[in-house]
Structures are given as structure tokens and as C-alpha cells.
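Hello,

Please open it first and then read on.

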Amino acid sequence: MRPTRIEVSFAAAYFLDDDDDRAALYRYELELARDPANPLSTYVDYEALLDFPNGRQRRIFERKSNEPIHIVREAGINSRDRAVQATRPEVSLIATLAASFVPMFVAIRNNLSRIYSPPESWRPDEEMTANNYTGNATLVSAASRQLQRIDLGIESIEVAELPGNRRELAFVHRGLDVPLVMAQESAGTRNFLSHFPFLSNALDEGQVFLLDALDTEFHADLAAEVIHWFQSQETNPHGAQLICTLHNLAVLENLEKEEVVIVEKDRDGVTTAYGLWQVKGLRRSANLYREYRSGDLGGVPVIG
């Protein structure tokens with residue numbers, strides 16, 4: 001069984017050179033392997049952090065299974081340090097050295113803490129969603145404005161107090177004398193309202209927000225609208241990032257090739273991912289929807 005490999009490139013300022021606070025390019029590489037004796041247990045088979053001073057690749061640290069860990073002096077710790085030697089097989093070196101308060105790795109951990117992703121298959125229930133809006137008039141107002149723009153017939157939302165110190169969202173509709181409760185709204189509206197506090201917080205704080213199946217129970221135009229929030233300087237002044245999976249192809253009309261990653265699985269069940277910027281000959285002006293449907297970009301399921 002082959003290891004699972006993850007590779008992430010990013011820009012950051014980890015002050016390896018105290019005289020230069022500009023962001024530099026880094027690449028983090030990680031390979032996780034499964035214990036043959038216990039398939040549910042994984043360990044770090046390979047881990048490395050690289051930067052590119054003066055355009056040349058340098059390994060800040062490199063770790064291979066059952067081999068000594070190499071780490072450069074500029075990282076603020078050496079390979080013989082007790083914290084490095086005590087790194088457990090199932091734990092990343094970054095987490096280990098951050099726990100030992102090595103400044104560079106504390107900075108990396110703090111950056112990673114700004115990435116938020118709801119647990120898999122997670123969705124708050126109606127009361128939990130209402131609690132996320134309670135006491136936050138700004139959030140309630142912002143959600144109401146977005147619902148008005150989407151034009152679902154909803155004029156505003158309110159947090160209603162119920163017996164037993166419980167709360168529920170109430171929806172004021174045009175033409176209705178009595179507000180509706182969340183259970184009476186469509187699945188798309190409920191899904192949107194449950195995620196909106198976290199999307200709004202990511203935009204306010206400049207976070208990286210990871211979300212699986214953004215378009216679940218969403219109209220394609222609504223999914224495109226959420227993506228636009230992160231693309232626009234007006235709604236995203238702090239540089240927040242949205243990383244999400246989608247199945248609705250209509251959103252391709254609103255994306256550049258640098259923003260799209262195709263994920264496909266082969267007949268052996270092996271999943272691979274590649275960016276459209278890696279597809280040779282794909283022009284910036286290309287219609288991504290048409291190119292994808294033609295099969296030229298890959299990732300199209302074979303049925304039958």
C-alpha cells in the first residue's frame with residue numbers, strides 16, 4: 001500500500017533572515033504510511049519543509065522514517081536537541097517543535113490555527129444555528145441582507161426566544177403575517193444559514209476556510225455568490241481564502257484556471273489531484289465548463 005502524499009506551497013515570513021520581513025515561498029511535504037500490523041494506524045514516513053532563498057531550493061528540515069532528522073541552524077534548533085529526538089512517529093515535526101516553543105515553528109502553528117474546516121458530515125442543528133446568531137446583531141443583519149439579495153422572499157431573520165431558555169431562527173417573508181421557523185425553510189436556506197457565521201468570520205479575520213461540498217443543497221448561483229465573496233476585494237479586504245469541493249459545473253463559468261483543482265479516482269481507487277494551471281495548452285481565455293465537459297481536462301466520471 002503506497003503512502004498518502006501531501007504537498008502544499010505557500011508564502012509566509014518566518015524571519016529566517018531578521019533583516020528581511022518580506023514573504024518568501026515555502027513548500028511543505030508530508031507522506032503518511034499505514035502500519036502493516038494495524039491498517040487504522042498511520043505514521044509519518046517522510047516530512048520536509050523547504051524554502052527558496054535566491055531562487056535555490058533549501059531544506060529547512062527533512063525527516064525520513066527510521067533516519068536521523070536533518071534541520072538547518074537558521075531554524076533555531078539543531079538535530080541533536082532533545083525535542084527533535086523525541087518526535088513520535090505519528091506526530092509531525094512542526095507540531096512537536098511548536099509544543100517546545102521553537103519560535104519559527106510556533107509561528108507556523110499559529111498560521112495553521114487560522115485554517116478552519118467543519119468536521120466531516122457536520123451541520124449544526126436548528127438550535128445550535130440560532131445560538132450562533134444570538135447576541136450578534138451585526139451577523140443577523142448581514143445574513144438578512146444576503147438573503148434579500150438572493151431573493152428567496154425572505155425580508156429578514158430574527159432570533160426568537162423559546163421556553164426553557166431555547167432559541168430559534170424566525171424568517172420574516174413578504175406576504176406572510178407570521179414568521180416561519182427554520183424547519184419550514186428549504187434545505188438550501190437552512191444549509192446557507194448554518195454555514196454563514198463561519199464564512200463571515202473567515203472573511204472578517206482573513207482566515208483560510210476549508211469546506212467540503214459547498215454546493216450541497218445550494219443553487220448553483222448561490223454557490224457562485226459565496227465564491228465571489230472571497231474573490232472580491234470589497235467583501236474580502238483581509239485576504240481570506242476559500243478552499244472547497246464542488247460538483248456543480250456551473251461555477252466554472254466564474255473561475256480562472258489558477259483557481260481550479262481537478263480530483264479524479266482511477267479504477268484502482270487511487271485519487272490524484274492537479275491544478276488546471278498544469279494542463280498544457282489550456283488558454284486563460286478558455287471556457288472551463290466547455291473544456292471540462294469535452295473531457296480534455298480529465299476528472300469526468302466514466303459510467304458503465
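Valine 263 is exposed, because its relative accessible area is 53% (exposed means over 50%, buried under 20%, partly exposed in between, with a 1.4 Å probe and protein chains only). This is a predicted model, where local features need pLDDT of at least 70 and side-chain atom pairs count only at pLDDT 80 or more, while totals for chains, interfaces and linings use all residues. Residues are numbered from 1 along each chain as its sequence is written, and side-chain values use heavy atoms, leaving out hydrogens and water.

Valine 263 sits in strand E12 (residues 261-265); strands are DSSP runs of at least two residues (E) and helices of at least four (H or I), numbered from the N terminus.

**Aromatic pairs**

There are five aromatic pairs, counted when ring centres of Phe, Tyr or Trp (its six-membered ring) lie within 6.5 Å; planes under 30 degrees apart are stacked, over 60 edge-to-face and the rest tilted. One of them is stacked, because the rings of phenylalanine 10 and tyrosine 26 have centres 5.7 Å apart and planes at 10°. It links distant parts of the chain, from strand E1 (residues 4-12) for phenylalanine 10 to strand E2 (residues 24-35) for tyrosine 26, 16 residues apart. Phenylalanine 10 is partly exposed at 23% relative accessibility, whereas tyrosine 26 is buried at 3%.

Phenylalanine 196 and tryptophan 229 make an edge-to-face pair, 5.8 Å centre to centre with 85° between the planes. Phenylalanine 196 lies in helix H6 (residues 187-205) and tryptophan 229 in helix H7 (residues 220-231).

Best wishes
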